[in-house]
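Here is a note to read alongside the model. Please keep the structure open and find each residue as it comes up.

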Amino acid sequence: MPRNSARNHRNNPYAIDRVMITVHHSTAGAIWRFRTEALTLTAASVSVWQLLLAVTLMWAVLIVAVVAVAATVMPWTRRLIVRRVWCIHSRHRIQRVCYETRMHTRSGRLPLVLRISPTEVGERALIWCRAGICFEDFEAHTGEIAAACYAREARVEKSRRRAQLVVVHIVRRDTLAAHNVIASGLASTMPKARGNDDPAAA
């Protein structure tokens, strides 16, 4: 009977990768990828359920409507909600563009988005590169990342301490651009150029 060796294709030395890919394509993997949406929906459902136990249905609908209107009318709450939604959207789109541009390992494992937070111009994502992926891969696909995230541009920054950490800046707006352009009034006050019909020119 032949002995098992490391060269035998049936003895996979990276069995953990196969397990992770199986989990990624399972229901548990889908729940993990959409964990923020799942937690938000669960928290909202539990809150409404507890509210229905405390008050009547009419009062519950009124309270939920007032809270929803207040959250969307007040500037700071609306800004907070919009920025968090963009962060969730960008995280999914970065993972998608990594899959479409083949920025993943041979076993199919994508880079890990450790953290994504809003900034003054967009979002900032901290990404962990798995073995086989590096900073130069992200730098070569900044255009694809910007297009996938519906942004103006994408900038990639390498960590100074760890080569496997990459920071992706999603730029959506230019804070230095002028918001109100004031037209100059000099054009209307300048005298018109004299033509050939001017008697002084004859």
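1. Start with one term. A residue is buried under 20% relative accessible area, exposed over 50%, and partly exposed in between (1.4 Å probe, protein chains only). By that scale Arg96, at 44%, counts as partly exposed.

2. Some ground rules. This is a predicted model, in which local features need pLDDT of at least 70 and side-chain atom pairs count only at pLDDT 80 or more, while totals for chains, interfaces and linings use all residues. Residues are numbered from 1 along each chain as its sequence is written, and side-chain values use heavy atoms, with hydrogens and water left out.

3. The overall layout. The chain has eight helices and four strands. Both kinds of element are DSSP runs, numbered from the N terminus: helices are H or I with at least four residues, strands are E with at least two. Along the sequence the order is α-α-α-α-α-β-β-α-α-β-β-α.

4. The chain in totals. Of the 202 residues in the chain, 24% are buried. The accessible surface is about 15,400 Å², and carbon and sulfur atoms hold 62% of that. Accessible areas come from the Shrake-Rupley method with a 1.4 Å probe; for residues, only the protein chains shown count as cover. Now the contacts, meaning heavy atoms within 4.5 Å. Among contacts with a separation of 6 or more, 52% join residues 24 or more positions apart.

5. Salt bridges. Side chains of opposite charge can pair when their charged atoms come close. The rule here asks for a side-chain nitrogen of Lys or Arg within 4 Å of a carboxyl oxygen of Asp or Glu. How many salt bridges does this rule give? The count is four.

6. A strand-to-helix pair. Lys158 is in strand β3 and Glu136 in helix α6, so the pair ties together parts 22 residues apart in sequence. Lys158 is partly exposed, at 40%. Glu136 is partly exposed, at 42%.

7. Two helices that cross. Packed helices are described by the angle between their axes and the distance between the axes. For α4 and α5 (residues 75–100), the angle is about 85 degrees and the axes are 5 Å apart. The axes are lines fitted to C-alpha atoms, for helices over the stretch in contact, and angles run from 0 to 180 degrees between N-to-C directions. The two helices are therefore roughly perpendicular, a label for angles of 65 to 115 degrees (under 35 is roughly parallel, over 145 roughly antiparallel, the rest oblique).

8. A nonpolar surface patch. Val48, Leu52, Leu57, Val61 and Val64 form it, with about 420 Å² of accessible area together. Patch residues have over 30% relative accessible area and no salt bridge; nonpolar side chains (Val, Leu, Ile, Met, Phe, Trp, Tyr) are joined within 5 Å, like charges within 9 Å. Helix α4 gives the most, with three residues. Leu52 lies in helix α3 and is partly exposed, at 39%.

9. A buried loop residue. Ile133 is in the loop between β2 (122–128) and α6 (135–139). Ile133 is buried, at 8% relative accessible area. Leaving out residues up to four places away in sequence, Ile133 touches Met103, His104, Thr105, Arg109, Pro111 and Phe138.

10. Two backbone angles to check. Most residues other than glycine have a negative phi. Arg102 has a positive phi, near 65 degrees. Tyr150 also has a positive phi, about 60 degrees. Arg102 is in the loop between α5 and β1 (112–118) and is exposed, at 68%. Tyr150 is in the loop between α7 (142–148) and β3 (153–158) and is exposed, at 53%.
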